Structures are given as C-alpha cells and as structure tokens.
Amino acid sequence: MEKLEIKYRAIGIDKPEWIYGYVAFDYKKLNAVIIHKQANNEMQHTAVEPETVGQYTGLKDSKGVEIYEGDIFDKGIVVFSNGCFNGCYTCGTTSKKGWDYSDEWEDGLAEYARKNKVIGNIYQNPELINI
C-alpha cells in the first residue's frame, strides 16, 4: 500500500501563485503560512491566504495532475467532509469555503478522477462551477 503524501497548497499573499508544502495556522486560523523547501534545500515559510489552503487528496486526475481540496471537475468540486475527500455537486454559495454542496458523486472521487481531468479550482476559476 502506498503512503499518502501529506501536503497542502495555498495562494501566496505577496505573490499570488500556488505555494506547496506543509501548512501552519495561528490559533484563530486568521493567518497561515506554507512551509516549503527553496532551491538550495533551505526551509522557508511563505504567508498565504488562509481561505485558499487545500490539502492534497493523494489522487491524480486522468492527466496525472495532483488533486487538491477545492479543485473543480466538470460535475462539481473536491471537498473534505465526513473524514474523507469526496466529489460533490455544487448548489449555492454559503459554506465555509464559499460553496454549498449537495450529494456526493455516486461513482466516488477516486474512480471519477481516473477517467477525468481537473478543469480549475474554486479560488481562481469560480466561473467554472455549475450552480
């Protein structure tokens, strides 16, 4: 059995691009940093937008792209709920991440991801969500 790689991504505050690594929040979750290696192998922490933090699911889509919480497929979004990652249909805009989700996909995230590709994410491409 393969070990799940625990990592996160979030959009940087100073430079609005994805930063990948480990996440740390302050005690109120108002501020966050991603801890990652620089090219010279020294560790660095980068301030990120806390609402954009998403965990890696351990899955890749049909094109080999890593799938993170908040990614969008053609029929919904990737969420972490009830202790696991799921693909959910979207139906509004009221949850903590900005989207309200309804039923989970019948075929499950892992099965669906193998056959389809990520088309965006809820932070940079909200227009791709089918409401």
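Residues count as buried under 20% relative accessible area, as exposed over 50%, and as partly exposed in between. With these classes in hand, the tour below moves through a predicted model.

Begin with the open sheet of six strands, whose order is 4-3-2-1-5-6 and whose pairing is antiparallel. Select strand 4 (43-48) and strand 6 (66-68) to see the edges: each has a single partner strand, so one side of each is left without a neighbour in the sheet. On average, neighbouring strands of this sheet are turned by 50 degrees against each other, direction ignored.

**Salt bridges**

Five salt bridges are found in the structure as a whole. Select aspartate 71 and arginine 9, whose side chains form one of them, with an N to O distance of 2.4 Å. Aspartate 71 belongs to strand 7 (residues 71-73) and arginine 9 to strand 1 (residues 8-11), so this pair ties together parts that are 62 residues apart in sequence.

Now select helix 1 (residues 109-115), where arginine 114 and glutamate 111 are three residues apart, about one helical turn. They form a salt bridge in which the closest N and O atoms are 2.8 Å apart. Glutamate 111 also forms a salt bridge with lysine 115, here with 3.0 Å between the closest N and O atoms. Glutamate 111 and lysine 115 are four residues apart in helix 1, again about one turn. Relative accessibility is 31% for glutamate 111, which places this residue in the partly exposed class. Arginine 114, at 53%, is exposed, and lysine 115, at 58%, is exposed too.

In soluble globular proteins, nonpolar side chains tend to be buried together. For the largest nonpolar core of this model, select its eight residues: Ile67, Phe73, Val78, Phe85, Leu109, Tyr112, Ala113 and Val118. Helix 1 supplies the largest share of this core, three residues. Centre the view on alanine 113: beyond its neighbours within four places in sequence, this residue is in contact with Lys60, Asp61, Ser62, Ile67 and Phe73. Another core, of seven residues, lies apart from the largest one and includes Tyr8, Ala10, Ile19 and Ala32.

**Aromatic pairs**

The whole structure contains five aromatic pairs. Select tryptophan 18 and tyrosine 123: their ring centres are 6.3 Å apart and their planes stand at 70 degrees, so the pair is edge-to-face. It links distant parts of the chain, with tryptophan 18 in strand 2 and tyrosine 123 in the segment after strand 11 (120-121), 105 residues apart. Tryptophan 18 is buried, at a relative accessible area of 17%.

Phenylalanine 80 and phenylalanine 85 make another edge-to-face pair, 5.0 Å centre to centre with 65 degrees between the planes. Which accessibility class does phenylalanine 80 fall into? Phenylalanine 80 is partly exposed, at 41% relative accessibility, whereas phenylalanine 85 is buried, at 18%. Finish by selecting Tyr20, Tyr56 and Tyr68, which form one aromatic cluster.

Terms used:
Residues numbered from 1 in each chain as written. Predicted model: local features only at pLDDT ≥ 70, side-chain atom pairs only at ≥ 80, totals over all residues. Heavy atoms only, no water. Salt bridge = Lys/Arg side-chain N within 4 Å of Asp/Glu carboxyl O. Helix = DSSP H or I, 4+ residues; strand = E, 2+ residues; numbered from the N terminus. Buried < 20%, exposed > 50% of the residue type's maximum accessible area, 1.4 Å probe, protein only. Pairing = 2+ DSSP bridges. Axes fitted to C-alpha atoms, helices over the stretch in contact; angles between N-to-C directions. Core = buried A, V, L, I, M, F, W, Y, C linked by side-chain atoms within 4.5 Å. Contact = heavy atoms within 4.5 Å. Phe/Tyr/Trp six-rings, centres within 6.5 Å; stacked < 30°, edge-to-face > 60°.
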